[in-house]
Amino acid sequence: MGSLLSSFGLNCGKEEVNEEERHIRANDRAFNLSRHYANNAIKTSKYNIFTFLPLNLFEQLQRLANAYFIFLLILQLIPQISSLSWFTTVVPLVLVLSITAAKDGTDDYNRHKSDKQVNNREVEVLIDGQLKKEKWMNVQVGDIIKLETDEFVTADLLLLSSSEPLNLVYVETAELDGETNLKVKQALTVTGEIGDSIENLAAFDGEVHCEPPNNHLDKFKGTLTLNGEVHSLDNDKILLRGCTLRNTEWCFGMVIFGGPDTKLMQNSGKTKFKRTSVDHLMNLLVLCIIGMLALLCTVLAIGNTIWETTEGSSFTVFLPSTDSSDPVLSGFLTFWSYVIILNTVVPISLYVSVEMIRLGNSFYINWDRKMYYPRKDTPAQARTTTLNEELGQIKYIFSDKTGTLTQNIMTFNRCSINGKSYGEVFDFSGQRMEITEKTEKVDFSWNPLADPKFAFHDHSLVETVKLGTPEVHAFFRLLALCHTVMPEEKKDGQLAYQAQSPDEGALVLAARNFGFVFRERTPESISVVEMGEHTTYELLAVLDFNNVRKRMSVIVRNPEGKLYLYCKGADTIIYERLHPSCTKLMEVTSEHLSEYAGEGLRTLALAYKEIDEGYFEEWRHRHYVASTAMDNREEQLDAVYEEIEKDLQLLGATAVEDKLQDGVPQTIEQLAKADIKIWVLTGDKQETAENIGYSCNLLREEMAEVFIVASNSPEEVREELRNARKKMNPRSGDEPTFIKSGILGKRSQVMQEEETDGEYAMVINGHSLAFALQKDMEMEFLRTACMCQTVICCRVTPLQKAQVVELVKKHKKVVTLAIGDGANDVSMIKAAHIGVGISGQEGMQAVLSSDFSFAQFRYLQRLLLVHGRWSYLRMCKFLRYFFYKNFTFTFVHFWYGFFCGFSAQTVYDQWFITLYNLVYTALPVLALALFDQDVNDRWSFQYPQLYSPGQLNMYFNKKVFLRILLQSCYCSLILFFIPYACVHDTVRDDGKDIADYQSFALLAQTSLLITVNIQMALDTYYWTAVNHFFLWGSMSVYFAVTFTMYSNGMFLIFTSSFPFIGTARNSLNQPNMWLTMFLSTMLCTLPVVAYRFLFIQLYPTINDKVRHKARQAKAAPPPTPRRFTRRRISTRRSGYAFSHARGYGDLVTSGRFLLRPKRTRPALFPVVDSPVTSTTPQTYRTITEEDESRSPTSE
Amino acid sequence: MAMLQRGLKTLARRPDNSAFKQQRLPAWTPSLTAHTVLPIFFCLSLVCMLLGVWLLITVQQTYQLKMDYTDTNSCSKCFDLRKNSSKAQEICHCTVSLTIPEDVMGDVFFYYGLINFHQNLRRYMTSRDIAQTLGRKRSLKSPSSYCAPFNYDENKVPIAPCGAVANSMFNDSFTVNYHLRDGSTVPVPLYRKGITWYTDKNVKFRNPKSSNETLAQIFNGTSRPLFWQKPVYELDPSDPNNNGFINDDLIVWMREAAFPNFKKLYGILNRSERPFTSGLPAGNYSIDITYNFPVQYFRGRKEVVISTVTWFGGQNHFLPIAYLVTAGLIFVTAAALTAVYLKVGKNGKNMEE
């Protein structure tokens, strides 16, 4: 019954409604079926063949616009009111409904297809003691199913047993949360014992009591009753649908939630519906228009009442009043009659056209080759097709860092060894060469263990290594020894490193390629292949890294028995601890360091020293005491470390490049020129974020100041923010100024923009941000931050990302865009007006929740400066023109009312009214809204300032609307009174009648059509063949249709529908008519031309200026945007930005890692260096538990 | 080859490089520059002025005389008589006299004009049955409900032609006399046919078809409109072919006027006889009016209009004057724009960023 119901689309989920607790018995279908839980079939489609029409119609009629037209239709069916034939409303309505229905139908068909595909996937199910292949949709709650590696999890399962030790399984949750690193789930020991014994599984009769279906991905509560014992179940034991099984041969699970009840399905389909600001404005305007309509109709109704009282009553001889003899009643009916006639001010086709235009402009985004990333075969994609014009209005961009600005690849780029800098390439004349993909790479084939993907371009370093220079060897030895990287031998003998921080990985990899191959580690030793020789160092101590120390050291004993301390860390920190003998080297190295920092590289200084055996033993004892101390252990340890890390010998420095995505600095420069403010919200540390800020041009040396807000108490943060603000604008008041906006104060306060004296930037760290986002301080934060050109927030949690976006959205009347690539960006992508996902990276979650997606950050400039700008321009032009043509069309009726006794007589032929919006004027404006360009894309890039009118909402706002209203008033006056004056007392050239109603209607409608088409021509900047075709075509179609409808044949066949027989032939052959049309169109359009010309001359907009330039340069193409050259910076700035969390040193020495079975598994450590690592409640490896409890990142 | 295939495959989702998809369609990009706008304005100004002058000259050549006879002279008694609807059937004649100061050359058209008669009311306009006047037999016997209350008379007999429009047909008739200097009177001959649109007479209005029945037989079983004195098949006693729905006066009336003040063609001067071969000679004229149509109910006026036409139609001074005024306005605008351009725009200073 249930399935029957659901197949008719009437399944209202009644089974689930009252479910309070789920009770399932394994292997007992009869029992489980009796409880009517949903099976595993999913149904995302809405209709089937029979329900499509009624349901879809019902849905569509719920929309306000459609309901409005149904209301009009009903009005038209009342004979006393009907002023227009039914077809004037029915034809457009049917057209609109069928277009929408066709779209909905195709969508639903696709959903049906994908449902069918998913439902028909097969899985092995234990039925009657045997494993049988079964389709997914037939899987029932309580079934036990077997999954194998790389299979999708069928439903939400209780994990029973697995092939892995300790009943672990590894799953990838990319489809759920976008993270590709594996997560581990562990079965209960009691169930794990069953293993893969089919008999035992078939005999398994556990009963599960658990929570009803819900959408919390990270929570599960329930119990398993087995043999009278109750075991508690939590999220660790549940495999969720949407995950993929990895690295696990097989596992068995019992279905807890099926199909629609699964957490994946419970989470889907609840995306917030975004609307653009133009939408909001349009809704507001439509309300205004309806008010205006009511006003017009009231005026006319009152006019009618008066007329009926004074004139109409005396005209009853010729026109006996029917039942509406009362003038007031007549006025009331007239009101509704005029509602019908004047309804064209809110045209139904507006909404359809807007949707079509947005769809068209979305297709351009999908089609753009310049936003296609060939390396990953990823085109840009407009996932939401209703937000295009908003792309042209962005004022704030919130960007993630890792994976968005950067590639999340660290490369060993430069190094300074013993005062000599390596890594740059010079040509024969000694000129520094730009390193590109074509630059010749150093050949590492002499080293069998080298990683082929490693690229380095400076040959001299390899030569030096081969020569055996001791400092160089020491340098790479340090890199090979001083780290916490885990090696991993793959099956095929390949060596792979699992590094907790990508920086460290890059350094160890560099050492490996230069002949110092880190091979293996045990808690007590490190094996290295040094220039082909196997060497084992005894690992005596790891002086771990943390954020305060900003350095790490290892103490090792080399095969010769000598003790060495190797240390790497922030240059400033290391320099304080160097032996005075290195002063000279320090100076040289400093120069190199500052050069590297200037290039945006992340630097570390390296140093070592030899340790005296006796001293070390003594130190070791103190170290032991400190590390076992009950209180102040941290401080004590730090003090002990401090003691030994001194008088170091400087070796050199490394520079690692956090590889930016291509074109990021240029893009950011362009966006900054377009007056877009960019905020980077990153999970990274402050140093890293700052460093990236410089390297990608967000922070610039020429900025007046970069404020750093890094305080630990709310008061200090407030003080710092206030100081920063005062510095930017000393006149800035204490209280923010608000602009009242919105209707009836519904909108919250909107903060005013404040002026600054120069360009500023702000960097705020995680602690401070947490304070700054508190209720009492958020306004202060917002004020200060919004005055800065760039804001970088560090250590931001996903929740805070959304908070920041919401804060700006709430108090600033601006359009925001969030761009990111990972699951941690989802919240902000959803919060912002427009979310952009970087596709082709790890995970899909960001893309799935985004509105637009593409593969590279640099495409953002094209998306905004070209597509966004054009879309906004087109949409505004469309709306302006659309309102213009409909107002003009409608107001003529209003004027005519004064001449026809307010009797709701239309000016035009009814067919003209029906076809005006649908046929005669639909296509040219559509062509305008799909093809128009003010200047082409190259000029758009050349002048990013062209973007700012969109941000200021200049092309379509209430003021513009009012202007259109006035223009339409003027035009309608001309279009009514000129024909009136010309016609009312004249005759044809043969003395016959031409002042009749039908000729006048034809004259008025033809003048109107010519006028609006000329207006269209004036609005069109970019005349493609299609524009010409549609414009001239529409005019021709008008005349063709008119002559056809007014022909003898049409009249004789449909007598009562086409009473205008012969009108066109009889009046359009009169020069009088054409002269009238010429005059009225001229009077309508010339003022527009004059006005526009005058404004271009007197107050040219940036747009006019660029068009002027483009015109002058028509012959010569615009210069290509100048190449971006990386600035060298003179001021000294530390390039230290090691993205390393603390806590691994202990693990390395404790050896806990090494107990795990040796298997090849990717992603041993989560590579993500963002707080999501610690906030995601999924269980990782044991190591993360350690991390969670101690890492400072878990805030 | 394999490389090529793989290359193709890896770029499988690359968008087409078509001008349309890449938004690079060749296009004409006009803009409002001084070189286009100013000449256009001056040209249009000139064109408008020439047109205005030409039209004015043309319109000056037409002659038009309007004569309100609602309650003038002898017609005032008829006017009073028509106030009383009970005496509607009483026939009333009156005469108005007029003087044409100089010869009116060419075709002369006689119109009757009505002031403040709303033929353009919505309910009035729809109160007719197009199918009936097209000669559809079914509609003849069962007129459309749009005609109500003029679709059936009190005896439930269908009315032909039905509806308010036909019912209110203008039914004054005129006889124009020319008073020669010698005191004798010559009737001015008028064509009373050929005054309708060709399409109306031949397509839109037709009598019900019948091979051997007379019109009276065809219209048997229908009743004349309430206000009419004669049935529709006896409208023109002089010409049996000008009766029924194809009567010229009926057709002219049925073409509803767009505005409450209108004139409709009554007749055209027949120039076959002297002294009217070249038009209306100067002199005194009188018009004998059969005064039937009541206008006092709606405070209307009736008039006779005598007019000649040109290629441009009747005498309407609006268009020539409007063209002349427009020409002036455009010229002033053009001059102002030129001044602004020369002062501000020409050096392109504003165009710099």
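**Figure 1. Surroundings of His833(A) in the predicted model.** The backbone nitrogen of Thr816(A) is 2.9 Å from a polar atom of the His833(A) side chain. The model is a predicted one. His833(A) sits in the loop that runs between α27 (826-831) and β34 (834-838) of chain A. Apart from neighbours within four places in sequence, the contacts of His833(A) are Lys274(A), Leu387(A), Glu390(A), Lys809(A), Val814(A), Val815(A), Thr816(A) and Asp851(A). Leu391(A) is 442 residues away from His833(A) in sequence, yet their C-alpha atoms are 9.4 Å apart in space.

Figure 2. Asp400(A) belongs to the loop between β15 (394-399) and β16 (406-417) of chain A. Is this residue, Asp400(A), buried or exposed? Asp400(A) has a relative accessible area of 3%, and because the cut-off for buried is under 20%, Asp400(A) counts as buried. Its side chain and that of Lys801(A) are joined by a polar contact of 3.2 Å. Lys801(A) is also one of the residues in contact with Asp400(A) once neighbours within four places in sequence are set aside; the others are Leu405(A), Leu681(A), Ile819(A), Gly820(A), Asp821(A), Asp825(A) and Met828(A).

**Figure 3. Helix α31 of chain A and the helices around it.** Helix α31 spans residues 922-931 of chain A and is mostly covered, with 8 of its 10 residues buried. The buried residues of α31(A) are Pro924(A), Val925(A), Leu926(A), Ala927(A), Leu928(A), Ala929(A), Leu930(A) and Phe931(A). Which elements do the buried residues of α31(A) pack against? They pack against α13 (348-367), α29 (859-897), α30 (910-920), α35 (997-1019) and α36 (1025-1045) of chain A.

**Figure 4. The annotated C-terminal span of chain A.** An unreviewed UniProt entry lists residues 847-1101 of chain A as "domain: P-type ATPase C-terminal". In the model, 71% of this span is helix and 1% is strand.

**Figure 5. Interface of chain A and chain B.** Contacts between the chains involve 106 residues of chain A and 101 residues of chain B. Together the two chains bury about 9100 Å², and carbon and sulfur atoms account for 63% of it. On the side of chain A, the residues that lose the most area to chain B are Phe318(A), Arg369(A) and Phe1093(A), together 9% of what that side buries.

**Figure 6. Polar and charged pairs across the interface of chain A and chain B.** Between chain A and chain B, 38 residue pairs are in polar contact, with both residues at pLDDT 80 or more. How many salt bridges does the rule find across the interface of chain A and chain B? The rule finds 5. One salt bridge joins the side chains of Asp993(A) and Lys264(B), at 3.5 Å from N to O. Helix α39 (residues 1071-1098) of chain A supplies the largest share of the side of chain A that touches chain B, namely 17 residues. Sorted by class, that side of chain A has 53 nonpolar, 32 polar and 21 charged residues.

**Figure 7. Chain A as a setting for the close-ups.** Chain A contains 43 helices and 35 strands. Of its 1195 residues, 60% count as buried. Among contacts in chain A between residues at least 6 apart in sequence, those joining residues at least 24 apart make up 74%.

Definitions and conventions:
Residues are numbered from 1 along each chain as its sequence is written. Chains are lettered from A and ligands numbered from 1 in the order in which they are written. This is a predicted model: local features need pLDDT of at least 70, side-chain atom pairs count only at pLDDT 80 or more; totals for chains, interfaces and linings use all residues. Side-chain values use heavy atoms; hydrogens and water are left out. Helices (H or I, at least four residues) and strands (E, at least two) are DSSP runs, numbered from the N terminus. Buried means under 20% relative accessible area, exposed over 50%, partly exposed in between (1.4 Å probe, protein chains only). Contact means heavy atoms within 4.5 Å. A polar contact is a pair of N or O atoms within 3.5 Å; within protein, one must be able to donate a hydrogen and the other to accept it, and residues adjacent in sequence count only if both atoms are side-chain atoms. Buried area is the accessible area (1.4 Å probe) that two parts lose on being put together, summed over both. A salt bridge is a side-chain nitrogen of Lys or Arg within 4 Å of a carboxyl oxygen of Asp or Glu. Ala, Val, Leu, Ile, Met, Phe, Trp, Tyr, Cys and Pro count as nonpolar, Asp, Glu, Lys and Arg as charged, and the others, Gly among them, as polar. UniProt positions are given in the numbering used here, feature names are shortened, and annotations may be inferred rather than shown by experiment.
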